[in-house]
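Colleague: I'd like to learn how to read helix packing and pockets in a model. Could you walk me through one?

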Amino acid sequence: MLSKELESALNDQVAMEARASASYLAMASWMEGEGFDGTAQFLYAQSDEERMHMLKLFHYINEVGGFALSPAVLAPSTTFNSYKEVFDKILNQEQQVTAAINRLMDLATKEADHTTANFLQWYVSEQREEEAQFNTIINKLKIIGNDGSGLYLIDRDLAGMAAAAAKASSKGFSAE
Ligand code: FEO
């Protein structure tokens with residue numbers, strides 16, 4: 001049985017994942033408007049992924065006897081100064097999610113709620129992968145700077161990553 005404190009903290013995480021999904025959606029729209037269609041596809045896929053993260057938590061809360069709350073989501077930023085600024089903001093956002101997951105894990109461990117700690121382990125791994133992915137992209141962007149042909153190539157790379165992710169999910173890969 002989920003403690004009230006953990007239930008509330010998990011619901012806070014539901015809201016955080018929903019915010020991340022909305023934020024990626026806004027970033028995708030900005031990229032599309034700037035002509036970076038590959039990056040937009042990648043960010044649309046990220047937005048879907050964050051919604052999946054949210055739903056996974058949502059279902060878990062109800063499954064273990066809590067009450068999942070559909071969160072209010074504040075409007076995210078919709079305009080950005082540069083391509084790189086978007087990715088700097090993404091990394092910052094993901095680092096905040098990692099910190100929140102770590103705090104949740106600390107709470108589950110303190111309460112000896114092994115079921116929840118086991119459930120959260122998936123998020124710990126997911127955050128490690130996401131941070132590594134965005135660090136790699138940012139390192140490439142540091143090399144590229146504002147070079148248009150470099151940004152063209154990275155946009156093409158991200159289109160490939162979005163297509164590979166879509167193919168993997170259509171083959172039945174899922175977080176379940
Ligand atoms: Fe679900 Fe990337 O935080």
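Modeller: Two packed helices are described by the angle between their axes and the distance between the axes. Here, α1 and α3 pack at an angle of about 170°, and their axes are 11 Å apart. Axes are lines fitted to C-alpha atoms, for helices over the stretch in contact, with angles from 0 to 180 degrees between N-to-C directions. Helices (H or I, at least four residues) are DSSP runs, numbered from the N terminus.

Colleague: How far can I trust the details?

Modeller: This is a predicted model, so local features need pLDDT of at least 70 and side-chain atom pairs pLDDT 80 or more, while totals for chains, interfaces and linings use all residues. Residues are numbered from 1 along each chain as its sequence is written, and side-chain values use heavy atoms, leaving out hydrogens and water.

Colleague: Which helix gives the most to the lining of the second largest pocket?

Modeller: α1, with six residues. A pocket is an open set of points on a 1 Å grid over the protein atoms alone, where a 1.4 Å probe fits, with protein on both sides within 12 Å along at least five of seven lines; lining residues have an atom within 4 Å of a point. This one holds about 370 Å³ of space. Of its 17 lining residues, Arg19, Ala20, Ser23, Gln93 and Gln96 are the closest to its centre. The lining divides into ten nonpolar, five polar and two charged residues.

Colleague: And where is the kink in α4 centred?

Modeller: On Leu120, with a kink of about 25°. The bend is the angle between axes fitted to the seven residues ending there and the seven starting there.

Notes: Helix = DSSP H or I, 4+ residues; strand = E, 2+ residues; numbered from the N terminus. Points joined across faces, edges and corners; volume = space filled by probe spheres on them. Nonpolar A, V, L, I, M, F, W, Y, C, P; charged D, E, K, R; others polar.
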